[in-house]
Amino acid sequence: MKYYIIAGEASGDLHGSNLMKALYKEDADADIKFWGGDLMKAAGGYLVSHYKERAFMGFFEVLKNLNKILVFIKFCKNDIELFQPDVIIFIDNSGFNLRIAKWAKRKGFKTNYYISPQVWASRATRVKGIKRDVDKMFVILPFEKEFYKKFDYNVDFVGHPLIDAIADREQTDVEKFREEHNLGNEPIIALLPGSRKQEITKMLSVMLSLVDDYPNYKFVVGGAPSQDFSFYQNIIGTKRVSFINNKTYDLLSVSSAALVASGTATLETALFKVPQVVCYKGGFISYQIARRIVTLKYISLVNLIMDKEVVTELIQNDFTKTKLKKELSKILDQEHREKLFLDYFELEKKLGGKGASAKTAKLIVENLKR
């Protein structure tokens with residue numbers, strides 16, 4: 001059968017690649033075209049468009065690039081019509097995907113969605129459109145099934161694909177990794193400022209401001225695959241830090257603590273059992289709009305899933321050197337860390353077991369055969 005998959009960002013590429021591998025196991029003759037990244041390309045199929053071309057963040061940034069986005073949408077629709085897939089699979093990336101889903105449903109294509117848009121965070125009225133345009137929804141957060149139930153929309157909870165991604169990875173050789181990247185024997189504090197230029201620019205400099213206050217620790221910037229080292233170097237300057245690109249899991253496996261941009265990385269950090277401070281600073285206009293429409297108590301997935309403050313969130317004006325230093329010192333304290341580890345273990349239980357990609361692929365193929 002023919003599958004058309006649309007993913008955006010590094011996390012969508014990761015989960016899309018694992019879903020593709022699972023689809024090939026369920027359907028050995030699968031013909032897959034996709035919008036994604038290097039990991040999906042390595043899994044097989046035909047790459048139509050790389051997510052790096054579409055990495056726009058925030059309301060204002062999207063508005064500035066609206067013409068480009070409209071060109072991508074038109075091209076995507078034309079490509080789907082030429083390919084005539086048996087099913088279109090959308091992965092997260094709601095701003096782009098929900099527009100395509102609306103058009104695709106009207107055209108008579110089967111529509112499946114893996115990793116729900118965050119309608120539970122803002123504009124819940126979008127559920128009406130999702131019910132209309134998406135035949136099958138596969139959710140990865142335990143509270144999402146109950147959320148959709150309120151709107152009389154039955155979705156499948158498949159567990160979180162990060163559990164598979166972390167469990168199945170090749171274990172890091174700690175000594176070799178430290179030696180390879182000249183990390184010495186000091187305890188490591190990972191700096192994960194996100195994957196988009198706007199967020200990295202706003203957050204990394206504040207994170208780096210703490211380096212001189214912790215001379216007994218090695219600070220390591222985790223670079224995103226979507227950005228070149230030269231971009232980070234302009235921000236890092238002469239600071240006493242190391243830089244490691246596109247090896248977040250290896251970095252987390254050797255880290256004692258982390259300063260993490262809000263997003264998927266907060267959950268990844270928790271699953272690696274690394275104490276963290278969650279950071280967020282957006283553009284002024286984008287932030288002002290977001291705070292008026294987002295209805296959540298928390299911004300990090302860790303706190304949302306646990307429904308309590310497990311990790312500290314420093315948002316916008318609270319994201320300062322003074323507050324960040326206070327919270328970093330707290331997560332380096334052994335008593336605080338032990339309590340945090342207990343919460344992290346509880347979090348992992350709530351996320352369900354392994355097999356999210358396999359369960360999703362099986363359900364997709366079974367539904368197509370009916």
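Which residues in helix 10 meet which in helix 11? I started my notebook with that one.

**Ground rules.** I am working on a predicted model, where local features need pLDDT of at least 70, side-chain atom pairs count only at pLDDT 80 or more, and totals for chains, interfaces and linings use all residues. Residues are numbered from 1 along each chain as its sequence is written, and side-chain values use heavy atoms, with hydrogens and water left out.

**Helices 10 and 11.** I found Lys 197, Ile 200, Thr 201, Leu 204, Ser 205 and Leu 208 of helix 10 in contact with Phe 231, Tyr 232, Ile 235 and Ile 236 of helix 11 (contact means heavy atoms within 4.5 Å; helices are DSSP runs of H or I, at least four residues, and strands runs of E, at least two, numbered from the N terminus). The axes, lines fitted to C-alpha atoms over the stretch in contact with angles from 0 to 180 degrees between N-to-C directions, come within 9 Å and cross at roughly 40°.

**Ser 116.** I looked this one up in the loop between strand 5 (111-114) and helix 6 (126-133). Ser 116 counts as buried because its relative accessibility is 3% (buried is under 20% relative accessible area, with a 1.4 Å probe and protein chains only). Beyond its neighbours within four places in sequence, Ser 116 touches residues including Asp 92, Phe 138 and Tyr 148.

**Helix 6.** I noted Arg 126, Val 127, Gly 129, Ile 130 and Asp 133 as buried. Covering the buried residues of helix 6 are, among others, helix 5 (94-106) and helix 7 (142-149).

Key:
Buried < 20%, exposed > 50% of the residue type's maximum accessible area, 1.4 Å probe, protein only.
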